[in-house]
Amino acid sequence: MDDIARLSARQIAAKVAARELSAEAVVRASLARIAAAEPQVRAWQHLDASLALARAREVDRGTVHGALAGVPIGVKDLMDTTDMPTTYGSPIYAGHRPTVDAACVAACRDVGTVILGKTVSTEFATFQPGPTRNPRAPADRPHTPGGSSSGSAAAVAAGMVPLALGTQTAGSIVRPAAYCGVVGYKPTHGLLPLAGVKALSPSLDTVGVLARSVDDAGFFIGALARLDLQASLPAGYRVGLCHTPNWERASGDARRAFAEAGRLFGGAGAAVVDVQEPDSWAGLTQAQIDVMGYEALAAFAPERRTYAGQFSAAFAAFLQAAQSVDGRRFADAQRLAEQARAELATLFRTVDVMVAPSSEGEAPMGLDATGNPVFNRMWTLLGVPCVHVPLGRGATGLPVGVTVIGPRWGDALALAAAGQLESGARAAGLGG
């Protein structure tokens, strides 16, 4: 069972397709791992073993097909599912049963995956934590797994599933991936549809994945998007080291991981250079906060009118702060984002990909907060593909890593560079 649970998604799909392994055996291995780890990790909002086993048997009978037939996955509880409750991390929607799947969930079914259940999301994908614990931390010293894709990151890190859907509006894929020591891939904004995903900020909301490897991340998203995300790096490819305007927030661990990424890329034959970001980028973090707040206030107008008493204090405070962002400030933030996207496109004429910190450092201790997305906000605002790559451990033994960033719609290139970095890290004993 343990050997099966350690297989990559690509390996599982190949073995199931070749009849070397049954989908039912794969699902049973995942369920065994969940039974062992879930009491401590608490990654799942809803788990349906019977439904998963029935789907696996359909795969084994040949009635379900697809590139990922038989691969078990988790679905973030922000995404509608017809056969499981969808709560969006809020008591307001306890027991809610959507009548249709989210588009990304339907796509998962189309490619043959086996959905084991719904992974824990923070409240409406914002900052009120759920019960999930970071599986990389000692049981007697709980640390946050990050948010808002808390359960998805923890489930992958704990070996429960090879893949889990997540979303990112500020840093909700990359930051949990960094804290839990797994790969997190936020595609170019708009690559995957948002229909049926509870809206927070449509200008920013992005569907992506938490995965064990860069290859699995690209394999999965490529199948959902019907897009070949495999690419070869050009000879002498250029990597830009981007400290970002928030560099002073980077801990020693984050800075060491950033430097190590440069060394590994250089050792692999890349031309590594420092990138000087435009002065205007100093305003991008606040611009992302403004866009997210303005759009969230509009998105949650129905719940504010009827169910505000069931908001957490954290979510109520978030919406209260958002009321200070009027239409003019929102438009200014969007104009700055447009300007920065043009400036970024110019920078990408001089480098192929960039590297930046993924987080301030290791996962913070405690479960009362999910960490700060300060190193993720601006990239989400700019809509570019981001891939978190684990690069060893920090001072207290928890994971650290970096983000590889590509140009808009340059997802295949970003994944190729991230895969190169991942390979170098593993060869150096620095994998997640």
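User: Which residues of helix H12 (residues 313–322) are buried?

Analyst: The model is a predicted one. Within helix H12, which spans residues 313–322, burial is assigned to a relative accessible area under 20%. The residues of H12 that are buried are Phe315, Phe318, Leu319 and Ala322.

User: Within what arc do the buried residues of H12 fall, seen down its axis?

Analyst: The residues concerned are Phe315, Phe318, Leu319 and Ala322. They line one face of the helix, because the view down the axis of H12 places them within an arc of 90 degrees.

User: Which exposed residues does H12 carry on the face turned away from its buried side, and which helices are included in what covers the buried residues?

Analyst: The face of H12 turned away from the buried side holds the exposed residues Ala313 and Gln320. The cover over the buried residues of H12 includes helix H10 (284–299) and helix H11 (301–306).

User: How is the aromatic pair of Phe300 and Phe315 arranged: stacked or edge-to-face?

Analyst: Phe300 is in the loop between H10 and H11 while Phe315 belongs to helix H12, so the pair ties together parts 15 residues apart in sequence. Phe300 counts as buried at 0% relative accessibility, and Phe315 counts as buried at 1%. The ring centres are 5.1 Å apart and the planes stand at 80 degrees, an arrangement that is edge-to-face.

User: Which residues do ring pairs link into a cluster?

Analyst: The structure holds 13 aromatic pairs. Through ring pairs, a cluster is formed by Tyr88, Tyr93, Phe124, Phe127, Phe300, Phe311, Phe315 and Phe318.

User: Why is the pair of Tyr294 and Phe330 stacked, and how many residues apart are the two?

Analyst: The planes of the two rings lie at 15 degrees and their centres are 4.2 Å apart, so the pair is stacked. Tyr294 is partly exposed at 30% relative accessibility, whereas Phe330 is buried at 16%. The pair links distant parts of the chain, with Tyr294 in helix H10 and Phe330 in helix H13 (residues 327–347), and the separation is 36 residues.

User: Where is Tyr88, and the charged end of which residue sits over its ring?

Analyst: Tyr88 is placed in the loop between S2 and H5, and at 6% relative accessibility it counts as buried. Although Tyr88 is not a glycine, its phi is positive, at about 60 degrees. Over the ring of Tyr88, 5.7 Å from its centre, sits the charged end of Lys198.

User: How far from buried Asp80 is the nearest side chain of opposite charge?

Analyst: Asp80 is in the loop between strand S2 (72–76) and helix H5 (103–110). Beyond its neighbours within four places in sequence, Asp80 has contacts that include Tyr88, Val105 and Gly196. A salt bridge requires a separation within 4 Å. Asp80 has none, and the nearest side chain of opposite charge, that of Lys118, is at 6.4 Å.

User: What distance separates the C-alpha atoms of Ser203 and Val291?

Analyst: Ser203 is in the loop between strand S5 (183–186) and strand S6 (206–211), and it is partly exposed, with a relative accessible area of 24%. Leaving out residues up to four places away in sequence, Ser203 touches His189, Val291, Glu295 and Gln334. Ser203 and Val291 are 88 residues apart along the chain, and their C-alpha atoms are separated by 7.7 Å.

Conventions:
Residues are numbered from 1 along each chain as its sequence is written. This is a predicted model: local features need pLDDT of at least 70, side-chain atom pairs count only at pLDDT 80 or more; totals for chains, interfaces and linings use all residues. Side-chain values use heavy atoms; hydrogens and water are left out. Helices (H or I, at least four residues) and strands (E, at least two) are DSSP runs, numbered from the N terminus. Buried means under 20% relative accessible area, exposed over 50%, partly exposed in between (1.4 Å probe, protein chains only). Lys and Arg count as positive and Asp and Glu as negative; His and the chain ends are not counted. Contact means heavy atoms within 4.5 Å. The arc is that of the directions from the helix axis to the C-beta atoms. Rings of Phe, Tyr and Trp (its six-membered ring) pair if their centres lie within 6.5 Å; planes under 30 degrees apart count as stacked, over 60 as edge-to-face and the rest as tilted. A charge sits over a ring if NZ of Lys or CZ of Arg is within 6 Å of the ring centre and within 35 degrees of the ring normal.
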